[in-house]
Amino acid sequence: MASRFPIRPVFDRAPLAAAIGMALMLLPALLPWSGQAAQAQTARHPDGIRVYDVPAGPLHQVLNDFARQSGVALAMDAGALEGGTGAGLQGSHSVAEGFRLLLAGSGYVAVRTADGYILEPHQENTSAASVQSLEQVTVMANALGDITEGSGSYTPGTIATATRMVLTPRETPQSISVVTRQSMDDFNLTSIDDVIRHTPGVSIVTYDSERTQYLARGFAIQNFQYDGMPMERNSAYSAGNTLSDMAIYDRVEVLKGATGLLTGSGDPGATLNLIRKKPTRDFQGHLSAGAGSWDTYRTELDVGGPLDASGRVRGRAVAAWQDKHAEADRYSRRTSVFYGIAEVDLTPDTLLTLGADWQDNDPKASSWGGIPIYDSNGNFNDMPRSFNNGANWSRWEQYTRSAFATLEHQFDNGWMAKLQLNHQINGYDAPLGAAAGGNPDPANGSGTSLWLGRYKGKTTSNAGDFYASGPYQLFGREHELVLGGSLSRRVWRNTGWGPQPGYIGTVSDYYQWNGNVPEPDWSQGNIYTNHEVTRENGLYASTRLNLHDDFKLILGTRLANYKREDIRESDMVVPYLGAVYDLNRNFSVYASYTSIFKPQSEQTESGSTLDPLKGNNYEAGIKAEFLDGRLNASLAVFQLRQDNYAVATGGRTPNGGVAYRAEQGVKTKGFEAEISGQLTPNWQIQAGYNHQVARQNGEKISTVAPEHQFMLYTSYRFEGDLRGLTLGGGARWQSKTWGDVYRPTVGTVRHTINGYWLFDAMARYQFNKKLSASLNVNNIFDKKYYTMMDFYSTYTWGEPRSAMLNVRYDF
């Protein structure tokens with residue numbers, strides 16, 4: 001199987017790029033109410049009073065705005081406030097007075113606790129004793145950043161993926177894209193593949209029915225994180241990472257460039273961080289059911305709230321089930337997901353979190369590989385989009401099992417310590433057969449053969465991370481420091497079988513293929529095994545130096561150790577450097593240098609192992625924040641360089657293997673522009689444009705990833721006579737891609753896939769506070785498009801137009 005899964009890493013675009021850059025710079029003038037918000041004064045007066053400028057809008061958003069401007073934490077059930085409006089707040093007020101004015105007539109009051117404010121139904125007999133009891137159940141601050149669920153926003157508040165410091169996107173000196181819970185709900189993004197299609201700057205290539213590959217800045221994304229805990233994916237032996245169901249996640253953060261400070265080893269393109277949902281203070285939940293194209297059905301149950309009378313123990317449970325069919329003949333996949341998490345306030349300052357998740361993916365008639373690009377005459381092999389090369393018994397089952405625990409403590413001096421433990425199993429059982437070999441003869445369908453094999457295995461990962469973070473004083477200024485360490489052990493076991501001797505693997509007529517062939521007797525075939533143990537550990541430190549009110553410098557380093565079989569790398573130094581300078585209230589410029597490494601097993605002609613691949617990311621740009629963080633924008637230029645790139649010399653190692661030399665090899669240059677968040681209280685947007693070119697020795701590589709991409713998704717919630725209606729849509733465009741493939745009668749040729757646009761639409765109607773219905777239509781113009789695996793000279797069709805109708809009840 002390993003030989004079948006090698007992983008290698010246009011109208012004029014300049015006017016479009018210039019237009020996006022100009023729009024970013026002129027954004028304050030384009031927004032009718034951003035100018036007022038930009039003038040809001042947040043300086044604190046000696047008596048604790050601030051000057052506020054909070055725009056009117058939905059009540060939960062108005063309260064969020066006020067909390068941000070006042071600098072206090074606020075816990076509330078945004079769903080309970082659905083339909084309520086706030087008049088806004090201007091002028092000088094104390095925090096207590098501001099809450100009182102904003103909540104007048106709403107039936108709610110803001111109750112002060114030890115760690116912020118809690119929104120509670122108004123009761124005449126509210127007493128000091130009841131308030132005091134609430135102080136013991138206040139939810140601890142989230143060290144992973146702001147929870148996006150309930151925010152109603154397409155942009156995050158704060159994030160911690162880059163350095164462990166909780167920073168806003170503007171304060172983070174790297175490009176980062178976040179797909180929030182609201183965006184996932186609006187556009188029915190139920191899988192990680194769906195989320196990636198909505199992520200600016202990331203492209204997706206489909207290998208077969210169960211495997212996709214993500215690419216960013218010219219490199220495959222193999223680095224996954226779950227609540228910040230790293231997990232490397234093996235795309236050849238795929239085991240659930242790219243089939244992750246989104247029912248259990250609050251958001252997905254995509255940090256662009258090298259991320260070695262916290263992940264250690266890996267590839268330099270990007271890291272995906274999936275942040276799980278957390279328990280809620282009040283009882284709440286939802287039940288949803290949906291039906292869609294090709295007899296696809298899905299249901300989801302999500303329930304959370306306090307588990308004891310005091311609220312010191314809180315829990316949440318999520319279950320989802322989906323039976324997904326597709327236009328591809330005979331294919332289906334059933335997915336079952338379960339998730340449970342509990343939080344316990346051991347003390348007012350100490351939080352224990354325990355959780356587990358479980359997912360099974362059970363497909364039928366899985367495809368393997370793709371469709372040959374050319375027939376035996378050298379013409380494009382234009383098969384129907386419904387063609388499935390998989391045998392009826394072919395199936396690539398994948399599963400995940402995770403258990404995790406965190407313990408965090410807040411100290412009185414502002415410091416926080418956190419211990420996080422993670423146990424994860426990613427497994428697969430894949431008896432596979434597919435009409436994937438050769439090139440069909442258009443005259444009679446002969447000339448193709450079956451790919452056959454069975455593969456069963458799993459990767460068991462155990463990881464731990466401990467760090468402490470907090471402020472310190474130096475030269476009369478307050479700075480931030482993070483000190484931590486992590487360790488992990490991954491064990492991959494695999495068993496592979498071939499078909500029994502004498503099994504006939506030819507396909508008599510490719511054009512009449514229906515998958516009806518007998519399954520081999522795997523017990524009689526050749527067998528091989530893999531057993532691979534990878535150990536990593538490291539110490540890391542980062543500091544954010546407050547050199548000036550407008551200038552912050554982030555310095556960091558990781559001392560990393562890596563061991564796998566006969567590969568050992570000790571005391572690898574991975575640096576991090578970032579600087580952010582605030583130009584004014586809205587705009588900042590930044591620059592950063594980040595790094596990552598990846599050990600390799602290739603040897604030179606003398607028998608020595610090549611030094612680890614080293615990815616270095618240089619980035620600079622401008623970031624903007626409007627409306628108190630409800631709208632974020634960025635424009636970045638980057639250069640990514642991968643050194644010690646293995647290139648075959650044509651010679652042999654002392655053991656007779658292929659010899660390699662290390663070249664200072666692959667460069668990717670480009671730029672990215674992105675905007676996400678609110679244009680008005682009812683209008684959400686996420687849009688991005690990116691350009692990249694990857695070269696080695698002057699030649700373009702990684703050409704299966706487009707050089708240009710554009711995406712825009714937006715939604716608008718109506719008021720007045722159309723109150724309850726939300727309409728939205730989006731567009732995705734990518735430029736041409738190409739690769740060198742085999743073409744019968746000619747040999748190796750360059751095959752080009754033209755650029756294409758895809759359009760989606762959504763509509764939702766909120767009947768009341770609890771009941772809603774939504775309709776999502778993807779690829780509404782039924783565009784016919786495909787992606788290719790150039791190293792196998794095959795292609796795979798993209799999904800035709802599809803629709804999904806969903807009904808949701810909140811309680």
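Which strand does Arg743 lie in? Arg743 sits in strand β40, residues 737-743. Hello everyone, and let me say how to read this before going on. What we have is a predicted model, where local features need pLDDT of at least 70, side-chain atom pairs count only at pLDDT 80 or more, and totals for chains, interfaces and linings use all residues. Residues are numbered from 1 along each chain as its sequence is written, and side-chain values use heavy atoms, with hydrogens and water left out. When I say strand, I mean a DSSP run of E with at least two residues, numbered from the N terminus.

Back to Arg743. Its relative accessible area is 28%, so Arg743 is partly exposed; buried means under 20%, exposed over 50%, and partly exposed in between, with a 1.4 Å probe and protein chains only. Leaving aside residues up to four places away in sequence, Arg743 touches Tyr374, Gly378 and Val749, where contact means heavy atoms within 4.5 Å. Its side chain reaches the backbone oxygen of Gly378 at 2.7 Å. Now look along the chain: Thr726 is 17 residues from Arg743, and their C-alpha atoms are separated by 49 Å.

Next, some strand pairing. Two strands pair if DSSP finds at least two bridges between them. Strand β27 (residues 527-548) and strand β28 (residues 551-564) run antiparallel, joined by 14 bridges, and they form a hairpin with two residues between them. Within that pairing, Thr534 has Arg564 in β28 as its bridge partner. Then β28 carries on to strand β29 (residues 567-582), again antiparallel, over 13 bridges. There, Phe551 stands opposite Tyr581 in β29. This hairpin also has two residues between its strands, and Glu565 in the turn has a positive phi of about 50 degrees.

Elsewhere there is an open sheet of three strands, in the order β9-β10-β11, with antiparallel pairing. Its edge strands are β9 (203-208) and β11 (219-220), each pairing on one side only. Five bridges join β9 to β10 (residues 211-216), and Ser203 has Leu215 in β10 as its partner.

Now for charges. Side chains of opposite charge can pair when their charged atoms come close. How many salt bridges does a search of the whole structure find? The search finds 44, counting a side-chain nitrogen of Lys or Arg within 4 Å of a carboxyl oxygen of Asp or Glu.

Here are some of them. Arg490 forms a salt bridge with Glu232, with the closest N and O atoms 3.3 Å apart. Arg490 lies in strand β25 (residues 477-497) and Glu232 in strand β13 (residues 229-232), so the pair ties together parts that are 258 residues apart in sequence. Arg490 is buried at a relative accessible area of 13%, whereas Glu232 is partly exposed at 25%.

Lys256 also forms a salt bridge, with Glu672, at 3.9 Å between the closest N and O atoms. This pair links β14 (residues 249-256) with β35 (residues 666-680), the two residues being 416 apart. Both Lys256 and Glu672 are buried.

A further pair is Asp782 and Arg385, 3.2 Å from N to O. Asp782 is in the loop between β43 (771-778) and β44 (786-789), and Arg385 is in the loop between β21 (371-372) and β22 (397-410), 397 residues away. Asp782 counts as partly exposed, at 27% relative accessibility, while Arg385 counts as buried, at 18%. Salt bridges with shared partners also join Glu232, Asp267, Arg490, Glu536 and Lys598 into one network.

Conventions:
Helix = DSSP H or I, 4+ residues; strand = E, 2+ residues; numbered from the N terminus. Polar contact = N/O pair within 3.5 Å; in protein donor to acceptor, adjacent residues only side chain to side chain.
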